[in-house]
Amino acid sequence: MYDVLIIGCGVIGSAMAYTLSRYQLKVCVCERFNDVANGVTKANSAILHAGFDCPPGSLEARMNLEGIAMAREICKKLDVEYRDIPSFVIAFDEREMEYVRELYDRGVANGVPGVRIIDREEALRLEPGLNPKLIGALYAPGSGIINPWEYAVAMAETAVRNGVEVKLSSRVTGIERNEDHFVVTTSSGSYEARYVINAGGAFSAQVYELVGGHGLKQTNFCGQYYVLDKSQGGIINSVVFPCPDEHGFKGILVAPTVHGNLIVGPDAYQVEDGDHVATVEPYLSQVKSGGLRSVPGIDFRQTIHEYAGVRPNTQIPDFVIEESPICPHFINLAGIKSPGLSAAPAIALEGLRILSGCGLELTEKETFIDRRRRIKFRELSNAEKAAVIAEDPLYGRVICRCETVTEGEIVEAIHRPIVPRSIDAIKRRCDAGMGRCQGGFCGPRVHEILARELGVSPMDITMDEEGTWLLSSPIKEVSVHDA
């Protein structure tokens, strides 16, 4: 019998598990994928928003500001890549300047520090890469960029180190409410818990329906992105937003990434399937033109990757964070669209308050592991590299040349508390395959290392999710005499 069972281990489920792991509780997380952070969390803009866009008085507004402050501290403690950079919302005509003034009023009402309206000259002085045809902009210094999947992985791993159990490949198929507890049926077995947290992302409404819930309807939107080579990463040093068009579409952002690349996107079109992550023409061409409107110096010939992600909207414009009115002890953390990544730890804290209000006893642990460190070989000095290699020679073998990721880093990632079992799971943990060749060189070597360290056949290793097999059968048998 678990005290709390969390459905979903994206950034919201991971933050919830991390928060609960501070207390003397038995906690379980059920995740339908074969890895954490493998849904909405792995395909977004990787931005911590300053908070000027949220409607004043909304949950989004409060959670955004609380969450970004908490995120900075979590990233320091758990060794997650994060960087503070400013945001611009640029305007090209008076209609757009009116929207900039509206955003400024929202930002002031929300308590966003340092937000102000600037003219063309100051905008171009602060960010020379902007389109010189702009006439003014909103400037907010309090935003940031982050490694979103590493953020979620770090919180989930820390939760496991503190006693939380994570059940991967455990799609929830049924929830039965008994007198004093739930029975949650998954593809890996059934689990009992006194409280259930719904952090189902793009499937939160469907999860809620399993307990007879109603009033939530998924209205998910897909968004597509370009990722450009590091040669483009220094074109700007800010997050650049356009103003919405006359139809209300908020347009294409341009931003650097913590890995030194440039990201451009997303567009937005409604999808029925919360797993819709295919890129589609001609929408991608519109993403490109939108990016060039804001930052005309982008060279899209340097594109190294294109991807799409789903924003888990519901018909309710705000976050849905509440105990179900029809099912006691079932808590919805639903409709967590943008700025959900920014708000994640604050949402988890709100979930904790709701659990406490429902009667869950919270006693803090006397000991709590709240530190995490990993070796990033490429960031070490020559003397530090030599010392690391002397201790473990595997750090002297570079596997991913684009990102300078060593075998030692890959092996360390494999033996962390949540075991990665795919090539992309390694990519999310230590960047092998993140560079210009997108795993063309290092992919087979990562494949080999995974099979060796896990003690399985190479045919058991997938590219990412279950079923994405790379090998189906041996090409030939080699005898001892042939060798």
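Which side chains meet in a salt bridge at 3.2 Å, N to O? The side chains of R428 and D464 do.

## Basis of the model

The structure is a predicted model, in which local features need pLDDT of at least 70 and side-chain atom pairs count only at pLDDT 80 or more, while totals for chains, interfaces and linings use all residues. Residues are numbered from 1 along each chain as its sequence is written, and side-chain values use heavy atoms, with hydrogens and water left out.

A salt bridge here is a side-chain nitrogen of Lys or Arg within 4 Å of a carboxyl oxygen of Asp or Glu. The count by this rule is 39 salt bridges. Helices (H or I, at least four residues) and strands (E, at least two) are DSSP runs, numbered from the N terminus. Burial is given by relative accessible area: buried is under 20%, exposed is over 50%, and partly exposed lies in between (1.4 Å probe, protein chains only).

The bridge between R428 and D464 has an N to O distance of 3.2 Å. R428 belongs to helix α11 (residues 423–430) and D464 to the segment after α12, so this pair ties together parts that are 36 residues apart in sequence. R428 is buried, at 6% relative accessible area, and D464 is buried as well, at 8%. A salt bridge also joins E465 and K42, at 4.0 Å from N to O. This pair links distant parts of the chain, with E465 in the segment after α12 and K42 in the loop between β2 and β3, 423 residues apart. E465 is partly exposed, with a relative accessible area of 29%, and K42 is partly exposed at 23%.

In the salt bridge between E81 and R378, the closest N and O atoms are 3.8 Å apart. Because E81 lies in the loop between α2 (59–78) and β4 (82–91) and R378 in the loop between α8 and α9 (382–391), the pair ties together parts that are 297 residues apart in sequence. E81 is buried, with 9% relative accessible area, whereas R378 is partly exposed, with 27%.

E81 and R378 are both members of a network of salt bridges, which links them with E150, E157, R372, R374, E412, R416 and D431.

## Packing of α1 and α8

Two packed helices are described by the angle between their axes and the distance between the axes. Axes are lines fitted to C-alpha atoms, for helices over the stretch in contact, and angles run from 0 to 180 degrees between N-to-C directions. Helix α1 (residues 11–20) packs with helix α8 (residues 340–357) at an angle of about 45°, the axes being 8 Å apart. This makes α1 oblique to α8. Angles under 35 degrees count as roughly parallel, over 145 as roughly antiparallel, 65 to 115 as roughly perpendicular and the rest as oblique.

The crossing of α1 and α8 is right-handed. A crossing is right-handed if the near helix is turned clockwise from the far one by less than a right angle, and left-handed if anticlockwise.

## Backbone exceptions

Most residues other than glycine have a negative phi, and most peptide bonds are trans. A cis peptide bond joins G265 and P266, with omega about -5°. P266 is in the loop between β14 (262–265) and β15 (269–270). The bond from S338 to P339 is also cis, with omega near 10°, and P339 is placed in the loop between β18 (330–334) and α8.

A37 is buried, with 0% relative accessible area; A46 is buried, with 14%.

## Surface patch and a distance

M463, L470 and L471 form a nonpolar surface patch, with about 230 Å² of accessible area together. Patches are made of residues with over 30% relative accessible area and no salt bridge, where like charges are joined within 9 Å and nonpolar side chains (Val, Leu, Ile, Met, Phe, Trp, Tyr) within 5 Å. Accessible areas come from the Shrake-Rupley method with a 1.4 Å probe, and for residues only the protein chains shown count as cover. L471 is in the segment after α12 (443–454) and counts as partly exposed, at 39% relative accessibility.

T186 is in strand β9 (residues 182–186) and counts as buried, at 8% relative accessibility. The C-alpha atoms of T186 and P458 are separated by 28 Å, and the two residues are 272 residues apart along the chain.
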